[in-house]
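Q: I would like to go through this structure with you in a short exchange. Could we settle a working term before turning to details?

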Amino acid sequence: MKFAMLYSCGKDSALALHRMIAQGHTPVCLIITYNSAADRSWFHGVTNDLLDAVEEHMRIPIIRCICTGDTYASEVERCLIAARQSGAEAAVFGDIDIKAHLTWNQERCNRAGLLCITPLWHASRKKLVDEVIDAGFKAVIKCVDLAYLDESFLGETLDRELVRRITATGADICGENGEYHTFVYAGPTYRNPLSICLGEKINLGTHAVIDIRNRMIISS
C-alpha cells in the first residue's frame with residue numbers, strides 16, 4: 001500500500017512510519033504542517049533548514065502544509081488530496097489513544113478520499129517508548145510543558161534513564177498530552193543521522209523550547 005504520513009518529526013510519528021515501512025508499505029510523502037506566522041512547523045517547532053535535512057536523509061518527499069490556526073484543517077485536507085493524486089491510498093498518523101485526535105484524523109481522511117491508519121493505536125505507552133529506544137531512534141526533547149517538566153529536560157535525548165526521570169515527575173511517559181515534544185534526528189528511517197546543533201533555551205511562560213539547527217548549515 002502507498003501512503004502519506006502526517007509527520008511531526010517526533011518519536012511517535014517516526015515509529016508509526018517505521019512500522020508501516022517494515023510491513024512492506026511505501027511512503028509517498030511526509031505531510032508536515034507549517035506555522036506560517038512562526039516560520040516553523042506546528043507544535044514541534046522544526047525550522048525549514050531541518051526539514052530540508054530530514055527530506056534529504058530520509059529520501060521521502062515532504063509536503064509543507066503551510067497554514068494558520070484557522071486554516072489548519074482545510075490545508076491538511078488539501079495536502080491529503082494532493083498526496084492521493086500522487087498515488088497514496090491511505091494517510092498514517094502517530095496518535096496513540098486520544099479519541100478526539102482519531103476522530104479529527106478520520107474526518108480529514110474521509111474528505112480527502114483516503115483510508116485512515118493509526119499503527120500505534122491503543123498500544124501500551126511504555127512499550128511504545130521502549131520500542132522507540134530499542135529500534136535505534138534518537139529523539140531529542142524539543143519542547144516541554146512547564147506544568148510537568150522543567151527546562152533541564154530540553155536538549156536531552158530519550159533513553160531509559162531519561163524516561164525514568166520523566167515518569168518520576170508524574171508526566172505521561174509518551175508525552176501524549178503535550179507534556180513534551182521531540183525531534184527525531186537518527187534512526188532506522190534515516191539513511192544517515194542528522195548533524196544537529198542545540199541552541200538557546202527559550203521560556204515562553206507556560207512552555208519552554210530549545211532551538212535546534214542543522215549543524216551543516218551553520219558550519220557552511
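A: Let us begin with contact, or touching, which means heavy atoms within 4.5 Å.

Q: Which residues does G87 touch, not counting residues up to four places away in sequence?
A: With those neighbours left out, G87 touches K2 and V28.

Q: What kind of model is this, and how are residues numbered?
A: This is a predicted model, in which local features need pLDDT of at least 70 and side-chain atom pairs count only at pLDDT 80 or more, while totals for chains, interfaces and linings use all residues. Residues are numbered from 1 along each chain as its sequence is written, and side-chain values use heavy atoms, with hydrogens and water left out.

Q: Where does G87 lie?
A: G87 lies in the loop between α3 and β5 (90-92). Helices (H or I, at least four residues) and strands (E, at least two) are DSSP runs, numbered from the N terminus.

Q: How far apart are the C-alpha atoms of G87 and I141?
A: They are separated by 34 Å, and the two residues are 54 apart along the chain.

Q: Stepping back, how many helices and strands are there?
A: The chain has seven helices and 10 strands. Its C-alpha atoms fill a box of roughly 45 × 40 × 35 Å along the principal axes.

Q: What radius of gyration does the chain have?
A: The chain has 16 Å; a compact globule of 220 residues would have a value near 17 Å, so the two agree. The radius is taken over C-alpha atoms, and the globule rule is 2.2 Å times the number of residues to the power 0.38.

Q: What share of the residues is buried?
A: Buried residues account for 50% of the 220 in the chain. As for contacts between residues at least 6 apart in sequence, 69% join residues at least 24 apart.

Q: Turning to aromatics, how many pairs are there?
A: The structure holds four aromatic pairs. Rings of Phe, Tyr and Trp (its six-membered ring) pair if their centres lie within 6.5 Å; planes under 30 degrees apart count as stacked, over 60 as edge-to-face and the rest as tilted. One of the pairs is W42 with F43, which is tilted at 5.7 Å centre to centre and 45 degrees between the planes.

Q: Is F43 buried or exposed?
A: F43 counts as exposed because its relative accessibility is 52%.

Q: How are the rings of Y72 and W104 arranged?
A: Their centres are 5.8 Å apart and their planes are at 50 degrees, so this pair is tilted. The pair links distant parts of the chain, with Y72 in helix α3 (residues 72-85) and W104 in helix α4 (residues 99-112), 32 residues apart. Y72 counts as buried at 19% relative accessibility, whereas W104 counts as partly exposed at 28%.

Q: Which residues do ring pairs link into a cluster?
A: The cluster consists of W42, F43, Y72 and W104.

Q: Now V46: where is it, and what does it touch?
A: V46 is placed in the loop between β3 (40-41) and α2 (48-58), and it counts as buried at 1% relative accessibility. Not counting residues up to four places away in sequence, V46 touches S8, C9, Y34, R40, S41, L51 and F183.

Q: What is the phi of C9?
A: Phi of C9 is near 80 degrees, a positive value in a residue other than glycine. Most residues other than glycine have a negative phi. C9 sits in the loop between β1 (2-6) and α1 and counts as buried at 1% relative accessibility.

Q: And what about R59?
A: R59 also has a positive phi, near 60 degrees. R59 lies in the loop between α2 and β4 (62-67) and is exposed, with a relative accessible area of 57%.

Q: Lastly, what do the buried residues of α5 pack against?
A: They pack against α1 (11-22) and α6 (160-168). The buried residues of helix α5 (residues 125-134) are R125, L128, V129, D130, V132 and I133. Just after α5, G136 takes a positive phi of about 95 degrees.

Note on methods. Buried means under 20% relative accessible area, exposed over 50%, partly exposed in between (1.4 Å probe, protein chains only).
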